[in-house]
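The sequence and the structure come first, and the notes follow by topic.

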Amino acid sequence: MRAWRVRAPGPMAGRPLVRERMPVPEPEAGELLVRVRVCGVCRTDLHVAEGDLPVHRAGVVPGHEIVGEVVEARAGGFRTGDRVGIAWLRGACGACRYCVSGKENLCPESRYTGWDADGGYAEYAVVPAAFAHRLPAGYSDEELAPLLCAGVIGYRALKRAEVPEGGRLGIYGFGGSAHLAAQVALARGATVHVLTRSPEARKLALELGAASAGDAAEAPPEPLDSAILFAPAGELVPVALAALDRGGTLSIAGIHLSDIPVLNYQHHLFQERQVRSVTANTRADAREFLEFAGAHRLHVRTMSYPLSAAAEALTDLAADRVTGAAVLHAD
């Protein structure tokens, strides 16, 4: 099969990805072999390619928003021809105190698609059946792909932000994950204010129902009960905290963040403002979100690329030329 591998992590200008022929992977007991139809392009893939995240598997095939067709099932519960999703979390020990308490995303032995194991920038991928996802009807393959990470992580970030009923939510950065989380928040009755440097993203936010859309450095038009930082920009942490009302919560959604400037306790944290990180997601998060997507039709903004243009798609993402979510299609 043809697949993209991270040859040597570094800036996209240095071409860290190389496309080459690899053997089709063979599923082990309990796994599924999936023919990849589409694979979303996530900012985490960019962090893997550029070396912001440490190497877990040398020469890894990135990609963890995979929609495909089962071509071989070495596990029960799935049949040849089933449409399935493969997401970021692909394994956990199941026995540690985190796993048994429903926090498998914090398992020290957790493993991830496109980081610890080869992912979806390829024609085929394997996945443990226990970590494969059934997908809601009513969406195309291209629309489903971003739901599997951008959507699920946005959903968990929204949970961590603890938006009160009818509350005021600020969203900093408005890419693939944010534009889905905003729709969930709006469906639940929140007022959403979007803060992003991209004029195209601000336009999309207003089209989706945001009450306002301004530059990321600006203050929202009213104090916020909650905020989510999707942009991997640590300099926006004090900006978002300053925008919170008393008792507000800032949820930081990214797996990687640039350094956070010094905070002023009185200005940024006093009056019981709090900061929370988001670490991956659980399978329960994914099921909840995909059920929500099945019951509430989400508008998924995508930009399409052939698999042969995966490096171009990541380069466009790095340069903020992607509105919504980029998706790779099988050539």
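Leaving aside neighbours within four places in sequence, histidine 179 is in contact with Phe174, Leu204, Leu208, His299, Val300, Arg301 and Gly324. The model discussed here is a predicted one. Histidine 179 has its place in helix H5, residues 176–187, and is buried, with a relative accessible area of 0%. The points below turn to the sheets, two further helices and the cysteines.

**The parallel sheet**

- Six strands form an open sheet with parallel pairing, in the order S12-S11-S10-S13-S14-S15.
- Its edge strands are S12 (212–214) and S15, each of which pairs on one side only.
- On average, neighbouring strands of this sheet are turned by 20 degrees against each other, direction ignored.
- Strands S14 and S15 run parallel and are joined by four bridges; threonine 249 has glutamine 274 in S15 as its bridge partner.
- As a general point, strands of a sheet pair through backbone hydrogen bonds, in either the parallel or the antiparallel sense.

- Helix H7 spans residues 236–243 and is mostly covered, with six of its eight residues buried.
- The buried residues of H7 are Leu236, Val237, Pro238, Ala240, Leu241 and Ala243.
- H7 lies across S10, S13, S14 and S15, and runs at about 145 degrees to S14.
- Packing against the buried residues of H7 are strands S10 (168–172), S13 (224–229), S14 (244–252) and S15 (274–277), together with helix H8 (265–269).

**The antiparallel pairings**

- Strand S3 (residues 31–41) pairs with strand S4 (residues 66–73) in the antiparallel sense over seven bridges.
- Within this region, valine 34 stands opposite valine 70 in S4.
- S4 is also joined to strand S5 (residues 83–86) by four bridges, and these two strands run antiparallel.
- Valine 67 stands opposite glycine 85 in S5.
- In a regular strand, side chains alternate between the two faces of the sheet.

**Helix H9 and aspartate 285**

- Helix H9 covers residues 283–295, has 13 residues and reaches 18 Å from its first C-alpha to its last, close to the 18 Å expected at 1.5 Å a residue.
- Buried in H9 are Asp285, Ala286, Phe289, Leu290, Phe292 and Ala293.
- Seen down the axis of H9, these buried residues fall within an arc of 155 degrees, so they line one face of the helix.
- On the other side of H9, Glu291 and Ala295 are exposed.
- The cover over the buried residues of H9 includes strand S9 (132–134), helix H4 (150–161) and H5.
- Aspartate 285, which lies in H9, counts as buried because its relative accessibility is 1%, and the cut-off for buried is under 20%.
- Not counting residues up to four places away in sequence, aspartate 285 touches Val152, Tyr155, Arg156 and Lys159.
- Aspartate 285 and arginine 21 are 264 residues apart along the chain, and their C-alpha atoms are separated by 35 Å.

**Cysteines**

- The structure holds zero disulfides. A disulfide is a covalent bond between the sulfur atoms of two cysteines; the criterion applied here is a pair of cysteine sulfur atoms within 2.5 Å.
- The closest cysteine sulfur to that of cysteine 42 belongs to cysteine 149, and at 4.0 Å it is too far for a bond. Cysteine 42 counts as buried, at 12% relative accessibility.
- For cysteine 99, the closest cysteine sulfur is that of cysteine 96, which at 3.7 Å is also too far for a bond. Cysteine 99 counts as buried at 15% relative accessibility.
- Cysteine 107 lies in the loop between helix H2 (97–100) and strand S7 (111–112). At 2% relative accessibility, cysteine 107 counts as buried.
- Apart from its neighbours within four places in sequence, cysteine 107 is in contact with Ala92, Cys93, Cys96, Tyr98 and Cys99.
- From C-alpha to C-alpha, cysteine 107 and alanine 150 are 21 Å apart in space, and they are 43 residues apart in sequence.

Terms used
Residues numbered from 1 in each chain as written. Predicted model: local features only at pLDDT ≥ 70, side-chain atom pairs only at ≥ 80, totals over all residues. Heavy atoms only, no water. Buried < 20%, exposed > 50% of the residue type's maximum accessible area, 1.4 Å probe, protein only. Contact = heavy atoms within 4.5 Å. Pairing = 2+ DSSP bridges. Axes fitted to C-alpha atoms, helices over the stretch in contact; angles between N-to-C directions. Expected span 1.5 Å × (residues − 1). Arc of directions from axis to C-beta.
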